[in-house]
Amino acid sequence: MMAKQVQQDQLYIGIDGGGTKCRATIYSLEHGVLGTGLGGPANPLHGLERTLESIMVSTQLALQDAGLHVEQVHSLNAGLGLAGVNLPALYDKIMQWDHPFQQMFLTTDLHTACIGAHEGEDGAVIITGTGSCGFSLVNGKTVNFGGHGFAQGDMGSGAWMGLEAVKAALLDLDGLGQPTLLSSLLLQHFNTPNAMGIAEQMAGQPSSGYARLARFVFNAAEQGDELALTIVKQGAEYISRLAQRLLESGPPRLSMIGGLAEPLNKWLAPEIAEKVELPKQPPEMGAIYFAINSVEQQLNKVK
């Protein structure tokens, strides 16, 4: 029934792609949200083919959830907010994709996260998930900080915390570093008796693989482990400095999103923590707003 109702309706899909997962939401101007879908990692920096596959998996699941036919993907105006496309070469590669949508509008996951968090109004947003970065939109001007990638930075992120945990545990287990509860937590997690077992299972892991270990850092920190506390405090200090830089541009609101937003909040500088407000909408809705605005701009140019 719903498929018939929206057959002639203007349909949009908002896609939020990051280092760990890809979320898609199908939206009708007449009926609102119709369906959602979840796919795998979608950061082209870590693999273009996997990113495109994750986009299509989340899209197909969203179509199914909405009760729409697979062929109706061709009627969707797509807004994509992807990690990594702040790098021009990756942006160009995605734009060259022979996509199945009616139209595709591409921007960074930071941009769409900010649009969603403040429902299209001015504001700033910090993403603290697999990676970390900050973005502010005020009076049409944008600034962004961080987002340089796992190997180069991303302090305060899940991947960074996971890597620091592995490094600390390996040093401890080899008798070359400070004792830490992280060692026993990781040995148990990987079901291995020694450091080499951890190193072997983490060899070649992408950022998302390290991000899954961040929970052990918070776990150990809550139990008073000195090394884990140092990692969490260093990450929170960086995020606090990042927030301060964003606030210099005068955004009326500041939000944090991502898997670490809640656990990190209590460790932020008090003057920053009190300014953080809950996002009004998720990033995939921001991607929908972005697509709607892009279509409207096209129509205005025609007029």
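Helix 4 and helix 13 each put at least two residues into the lining of the second largest pocket, and helix 13 gives the most, with 4 residues. Keep in mind, everyone, that this is a predicted model. The pocket has a volume of about 160 Å³. Its lining is His-111, Ile-115, Gly-120, Leu-137, Phe-290, Asn-293, Ser-294 and Gln-297. Sorted by class, that makes 3 nonpolar and 5 polar residues, with no charged ones.

Now for the largest pocket, at about 850 Å³. Here 46 residues form the lining, and Gly-18, Gly-19, Ile-127, Gly-129 and Thr-130 lie nearest the centre. This lining does include charged residues, 7 of them, alongside 16 nonpolar and 23 polar. Helix 4 and helix 13 are among the elements that supply at least two residues each, and so are strand 1, strand 7, strand 8 and helix 8.

Let's stay with strand 7 for a moment. How many of its residues are buried? The count is 7 of the 7, so the strand is largely enclosed by the rest of the structure. In a regular strand, side chains alternate between the two faces of the sheet. Here both faces are covered: Ser-132, Gly-134, Ser-136 and Val-138 are buried on one side, and Cys-133, Phe-135 and Leu-137 on the other.

And the neighbours? Strand 6 runs antiparallel to strand 7, joined by 6 bridges, with Val-125 partnering Phe-135. A hairpin of 3 residues links these two strands. Strand 8 also pairs antiparallel with strand 7, over 6 bridges, and there Val-138 has Lys-141 as its partner. The hairpin between strand 7 and strand 8 has 2 residues between the strands, and Asn-139 takes a positive phi near 55°.

Methods: Residues are numbered from 1 along each chain as its sequence is written. This is a predicted model: local features need pLDDT of at least 70, side-chain atom pairs count only at pLDDT 80 or more; totals for chains, interfaces and linings use all residues. Side-chain values use heavy atoms; hydrogens and water are left out. On a 1 Å grid over the protein atoms alone, a cavity is a set of points where a 1.4 Å probe fits but cannot get out, and a pocket is an open set with protein on both sides within 12 Å along at least five of seven lines; lining residues have an atom within 4 Å of a point. Grid points are joined across faces, edges and corners, and a volume is the space filled by probe spheres set on the points. Ala, Val, Leu, Ile, Met, Phe, Trp, Tyr, Cys and Pro count as nonpolar, Asp, Glu, Lys and Arg as charged, and the others, Gly among them, as polar. Buried means under 20% relative accessible area, exposed over 50%, partly exposed in between (1.4 Å probe, protein chains only). Two strands pair if DSSP finds at least two bridges between them.
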